[in-house]
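Work through the exercises below with the coordinates open. Each task is followed by a solution in steps.

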Amino acid sequence: MSELTTGSAPAGSPPEYEPKIIGFLCNWCAYTAADLAGIARIKYPDNIRIVRVMCTGRVEPTFVLKALSAGADAVLVAGCHPGGCHYQEGNYKAYKRTLLLQNMLPQFGIEKERFRLEFVASSEGEKFARVVGEMVAKIKELGPLSGAGVRLAALDGFFTEKERIEGGVNLG
Amino acid sequence: MAEEIRTGVYVCHCGTNIADKVDVQAVSKFAGTLPGVTVSRDYKYMCSDPGQDLIKKDIKELGLNRVVVASCSPRMHEPTFRRALAAAGLNGYLFEMANIREQVSWVSSNPLQATVKAKSLVSGAVRKVRYNRPLEERYAPVNPNVLIVGGGVAGLEAALKIAESGNQVYLVEREASLGGNMAKFDKTFPTLDCAACILTPKMVEAGQHEKIKLLTYSEVTQVDGFIGNFQVKVRQKARYVDVDKCTGCGDCEQVCPVNTVDRFNEGLSERKAIFKEFPQAVPNVYQITKKGTAPCRLTCPAGVNVQGYMALTRQGKYSEALALIREAMPLPAVCGRVCFHPCEGECRRGDLDQPVAINAVKRFLADHEAKNGSVPPVSAPASGRKVAIVGAGPAGLAAGYYLSRAGHEVVVLEGKAEAGGLLRYGIPEYRLPKDILRWEIDQISRDGVSVRINQWLGRDFTLEKLRQEYDAVFLALGTSKEQTLGIPGEELQGVVSSLKFLESANTRAESVSGRVLVIGGGNAAVDAARTALRLGAQSAEIIYRRTRNEMPAFAEEIREAEKEGVKFRFLTAPMRVVGRGGRVQALECQPRQLGEVDAGGRRRSIPASGPNVLLEAELILVAVGQKVELPASLAGKVALGARGTVLVDEYGQTSSPGVFAGGDLVSGPSSMVEAIAAGKETARVIDAFVRGQALPGPVPKPQPLPQPANPDRFYKAARHEPAQLEPEKRRGLSAEITVTLSEEEVLDEAKRCLDCGVCSECQECVKVCQAGAIDHGMQDEEVELEVGNIILATGYETLDPSLGVQWGYGRFPNVLTGLQFERLSNASGPTLGRIVREDGREPEAVAILHCIGSRDKNYKEYCSRVCCMASLKFAHLVKDKTKARVYEFYIDMRAYGKQYEEFYNRVQDEGVNFIRGKGAEVLEKDGRLVIRAEDTLLGVFREVPVDMVILNTALTPRSDADAVARLFTIQRSADGFFLESHPKLEPIKTATDGIYLAGACQAPKDIPDTVAQAAGAAAEALEKISAGRVRISPITAYCLEELCSGCKTCIPLCPYNAITFSEEKKVALYNEALCKGCGTCVASCPSGAAHMRNFEEEQMLEIIEGVCAL
Amino acid sequence: MTEELPVLQEGSLDPDFKRLIETLSGAQNLNACIQCGTCSGSCSFSERMTHTPRRLLEMVRAGMREEVLNSDTYWYCTSCYYCTVRCPRGINLTEVMYALKHLAISVNKDKNAAFYDCFGSVLQSYGRLYENGLLLRLALKTDPLMLVAYGPIGVKMFLKGKLNILPSRVRALAEIRRLYEKVGEMEEKI
């Protein structure tokens, strides 16, 4: 949960839930795109905190888990498009690590939507803003990341989904 | 950490940029409460001198050892602040920035939230900076060489500037000549200078400058290294012409028989396969376009250069064509009659209408030669070696021919009364007249091969005798024995092997009576049946145990046989011959069906239900296959294979040294052309063998054509089929069925050839080149360069307007692109500068359309900048050279540059009709082209009839811009052009240090801007060269060897090969000079031995903790 | 010529008109138009329109509500979509034309709306076009003398067997009516 308040909630009502998202952005593409969004004055939600790395290849799963345990509700890792990495292949390695992570997180009770890898080129300021907006909206739906209650609920969700698929009825 | 951390935090207002959203005082106050923060201030402009002085003062007076600035993006001012720290005596890397402008105040709409966000980022930075360590910057020397990619006006300008400064330039240009797109123009705006006149001096100067090394017709394939130290690989494409010897005289162009599309003339004309791009090309030499080996040539078992002799035939050079054929195959007359022409099956013309009648053309050439005499080939000087060949069939004759040409004395020993093998004794007269065969074999004998007849191996000579008397022996005995049926009654009189039957028909031609049954499905069976009918048989029926689809005989032969009345009985197998009094009476046959596919790929023939049939016949011919008949005298002398064929190694040598073998003897029953190919191949090996040289490996497989080949020219033309004798007239053995084509028909066929490989290697150019500059065997070469800076000046392409059906390009004639019009107007273009339509008439009215594909969300959203002025230029040229009326359909008139508006004025004065309304559609009406548009200024709808339309198409990035960007590790902007560092302030630098942009590859621009930018790029490079060294970031990875477990996980991850494994210490070795600092290895290290300066794990965890706190 | 150049009275302009049409036509961005004239040049019916599509759009942008709604341009739109496909600014002009049609019908502008009304009511009655019924309703709504004017054509059509005296009904008429009802509901929402 963030100390952010919307400042627009009616007096006396509980503050609206504002998720906290940590973004690991690579210096050459995604961070530049975020700067570009700023230069173009494109507005996106303030829920994101950006941490600069030189390349998404630097991002370890440890960082993601640390962020989630330190109070973040979701993590975004954004780097160059495949083939466009400033260091040739760092983003491919990041991608492979994220695949593993995305399978692991639900087993901790963390919905896989709370971790997102995105490819953002240095000229894609608009895209960056859009991605942040989408993620904030999604996490708002999912709610804050907290303890066991959430964990069990997430596991239930896991089984129910399987049934839905096996039953052959497309409910969503 | 022992030292006490004393951090100074400075929160910048940036005027109102930050302060209007973020409560900077609150952030500063908050920062003051964080652990390790000694002082926290806010100030209006931290990047200004007073702002920096604040920091310096605090460092000195308050003993700060860490600094955090919360302001703009570190990509903007990190270096500024690092320098400020250094000036105050503190290492610049003990510094962190929090980006609260681009990433907070400018993107937020909520001041409360923005302030909280800013506080969290500051918190993160404060926590991280505690763990920052001082880092020393490294320096690397700068290699003074410069690589310039692109030889257009941008590349030339930059090259000349740098060369004049005394530094070495490598100028790489993909096309054959310098000049780029500008070389295609006629005049340039606004001065109306002739483009070539102002460009060629630069081209020539660059070509002659001692400090410029030209690498034309070349491409960069690999780039490694970093600024100051790049290693570049360049592939120089084979020109097939020696640049140093070629004088540019053009004799070769005169004789080249192949035409292809002239891309320099934008597809408006054709050029030869050997060409110079344009008369003022630099270097002023020719080159040859080779796309690959044409499929006809590739598929011919003998490797005959089909495309080559087709091209020569097209020019009427029949003897040259035959000489080219004989390079691969010495029996053209025979081939032109009996070959099964796999070449026609692969002919790409067949994809359009019908394949070229290659076989018939070859036949014409041979027959023409027979009438007009031939020229003997040139042989190598006598070698003094002798080779004996046993068997004068196609394999033996071919081997003899090539060995004789190689300078050896050749003797061919033939057992029968005449040479030719199955050509003489197997193939019937009506397919291959014997006198033609004799004539062809005579040619071979005349050319130095001595053929001795009635010489049987074993009876008249032995293998040992040959091995003693000759330097090598080639066995080409073929497969002369018939397979037997293995059924009862086979030995009865009247059951004859088809080989014997055909041989007898080819010698004595005795008549046949009664009913004839032929067992088998190959060519021998069909030949036997057709021959039997001609010799008078009452009927001839072919019995085959599978169906027509599985018959190995040539489809044509089967068709002709049917026409002539041969019957076919499929799915029938012989069981028993019924006889009476020792003579055959009938054949008992079993019905068959097709089963599963066998090992050979054909479906098995298995018994079917139903009764056997009894077929009466007077003569049964067996044609179920041939096998080797090994003479007794060879038994035990040479190793045999499974099917009784002679075994040879990869060189064609048998188990007996010095004895080679080839043709059907080795391969089993095959075709004539494959036998010839075998003879030729073995001759090549024997040639080396008798000279005592190392035996040569196989000839490298030629390069096939890239699929699919789009024929550049296409007009439908039906194939000339050789006339055929009607079946009723096919009496007697000797009437040839097909007639040779006439000369006109042959020339037509030769013209139908698409020249798939472009250059056909006919060698005519080689013959006329007096400088001896042509070398068809040239290969691409690779060059490695070391440079310190790279300038990309790769230019632009234009949009293909056929994407928009409404513009009529490619649908109607006389609709041109701007570049096509330039070529028309250019004096060295396809019309020598006359502005005319395709039908040669001058236009009476010309329409010029702006914005075709530019300013258009459906194609390119941007404005191409130069086309308004180009349109004015075109209008002027049309007015100048013709009497036509000119209509310009425009949306805006962008005449922004120096003298541009004045030029617009001038063109207006020339009486051009300007219609403000985009040309929406080009139609054809009543034989004229019509432009539909709204004249928006008049507010009326107009349909303007014209005779020629010029489309100003959008300037686009090159189609391979993506690949080039990756090669040089630069990015592209959203419009696809290369991305500059900053669109306003740094239009030349890229995100990759040491790589600069010049010209239209960065964005569309006119010539003055291109030249200016190129000079700027040169200045960037010279700046680095002048400084002599560059600063390398110290942010690299390193390894704590004591923690390294030697797992080698990190080693393959580094794209720069900066990590190696030490065998002695069993740990990873990090080469920090090569490391670029991505951190991938660090993230992967399971032992925690790999570290990254300034992005250590503890630093990352601290900053995460910090930004998550609020 | 005594025609005076018309002066646009600023007071007569409706500043919200552009916004209204933008919304009605599905959030088109009419600001983006550069008045290039491609739409008019491509339009199959440009020559017959009083105002070309381009001009009409400029009038919409300026806020000339009355002139726009009184124009015949959008009625002549055949929905060929050439303008939309070729517009370099990506404006869906056909949607704008539909929006104008809807607006015009809802404010009962112009007797051309009558044709669409009658056509629709014939379809709701029979599920199929009934030319006689259409003509009758149209004449009653607009101009009874129309019947006389169309008489000769009617005879010719009848002789060629292209005109039915009596209407033929579609079997699933109830469903067609339901369609119209539903569309009516949806239109209410806009």
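**Exercise 1: A surface patch on chain C**

Task: Which residues of chain C form a nonpolar patch on the surface, and which elements give two or more residues to the patch?

Solution. Step 1: The patch consists of Leu136(C), Leu140(C), Leu145(C), Leu147(C) and Val148(C), which together have about 530 Å² of accessible area. The model is a predicted one. Step 2: Two or more residues come from each of α9 (131-141) and α10 (146-159) of chain C. Step 3: Take Leu147(C) as a member to check; this residue lies in helix α10 of chain C. The relative accessible area of Leu147(C) is 37%, so Leu147(C) is classed as partly exposed. That class lies between the limits of under 20% for buried and over 50% for exposed.

**Exercise 2: The interface of chains B and C**

Task: Describe how chain B meets chain C, beginning with the number of residues in contact.

Solution. Step 1: The contact involves 18 residues of chain B and 19 residues of chain C. Step 2: Between the two chains about 1500 Å² of area is buried, with 44% given by carbon and sulfur atoms. Arg855(B), Glu934(B) and Phe941(B) account for 32% of what chain B buries against chain C, more than any other three residues. Step 3: Between chain B and chain C there are 3 salt bridges. One salt bridge joins the side chains of Arg86(C) and Glu921(B), at 3.2 Å from N to O.

Task: Is Thr38(C) buried or exposed, and which residues is Thr38(C) in contact with, leaving aside neighbours within four places in sequence?

Solution. Step 1: Thr38(C) belongs to helix α2 (residues 38-42) of chain C. Step 2: With a relative accessible area of 3%, Thr38(C) is buried, because the limit for that class is under 20%. Step 3: Beyond neighbours within four places in sequence, Thr38(C) is in contact with Lys918(B) and Ala920(B) in chain B, and with Arg86(C) and Pro88(C) in chain C. Arg86(C) also takes part in the salt bridge with Glu921(B).

**Exercise 3: Chain A and its partner**

Task: Which pair of chains shares the most contacts?

Solution. Step 1: There are 2 pairs of chains in contact, and chains A and B share the most contacts. Chain A and chain C do not touch, and 18 Å separates their nearest C-alpha atoms. Step 2: In the pair of B and A, 53 residues of chain B are in contact with 56 residues of chain A. The area buried between them is about 4700 Å², and carbon and sulfur atoms give 56% of that area. Step 3: The interface of chain B and chain A has 2 salt bridges. The side chains of Glu1105(B) and Lys66(A) meet in a salt bridge of 2.5 Å, N to O.

Solution. Step 3: Of the contacts in chain A between residues at least 6 apart in sequence, 77% join residues at least 24 apart. Step 4: The accessible surface of chain A is about 7800 Å², and 58% of that surface belongs to carbon and sulfur atoms.

**Exercise 4: Elements within chain B**

Task: Does the span of helix α16 (residues 394-405) of chain B agree or disagree with 1.5 Å a residue?

Solution. Step 1: The helix has 12 residues and should span 16 Å, because the expected value is 1.5 Å times one less than the number of residues. Step 2: The end C-alpha atoms are 17 Å apart, which agrees. Step 3: As for cover, 12 of the 12 residues of α16(B) are buried, among them Leu397(B), Tyr401(B) and Arg405(B). Step 4: After α16(B) comes Gly407(B), with a positive phi near 105°.

Solution. Step 2: α20(B) is followed by Ala509(B), whose phi is positive and near 55°.

Task: Where is Leu849(B) placed, and what is Leu849(B) in contact with?

Solution. Step 1: Leu849(B) sits in strand β37 (residues 845-852) of chain B. Step 2: Leu849(B) counts as buried, at 0% relative accessibility. Step 3: Leaving aside neighbours within four places in sequence, the contacts of Leu849(B) include Phe889(B), Val922(B), Ile931(B) and Leu951(B). Step 4: Trp807(B) is 42 residues from Leu849(B) along the chain, and their C-alpha atoms are 9.4 Å apart.

Key: Residues numbered from 1 in each chain as written. Chains lettered and ligands numbered in written order. Predicted model: local features only at pLDDT ≥ 70, side-chain atom pairs only at ≥ 80, totals over all residues. Heavy atoms only, no water. Patch = residues over 30% accessible without salt bridge, like charges linked within 9 Å, V, L, I, M, F, W, Y side chains within 5 Å. Areas by Shrake-Rupley, 256 points an atom, 1.4 Å probe, with all protein chains shown as cover. Salt bridge = Lys/Arg side-chain N within 4 Å of Asp/Glu carboxyl O. Helix = DSSP H or I, 4+ residues; strand = E, 2+ residues; numbered from the N terminus. Buried < 20%, exposed > 50% of the residue type's maximum accessible area, 1.4 Å probe, protein only. Contact = heavy atoms within 4.5 Å. Buried area = accessible area lost by both parts, 1.4 Å probe.
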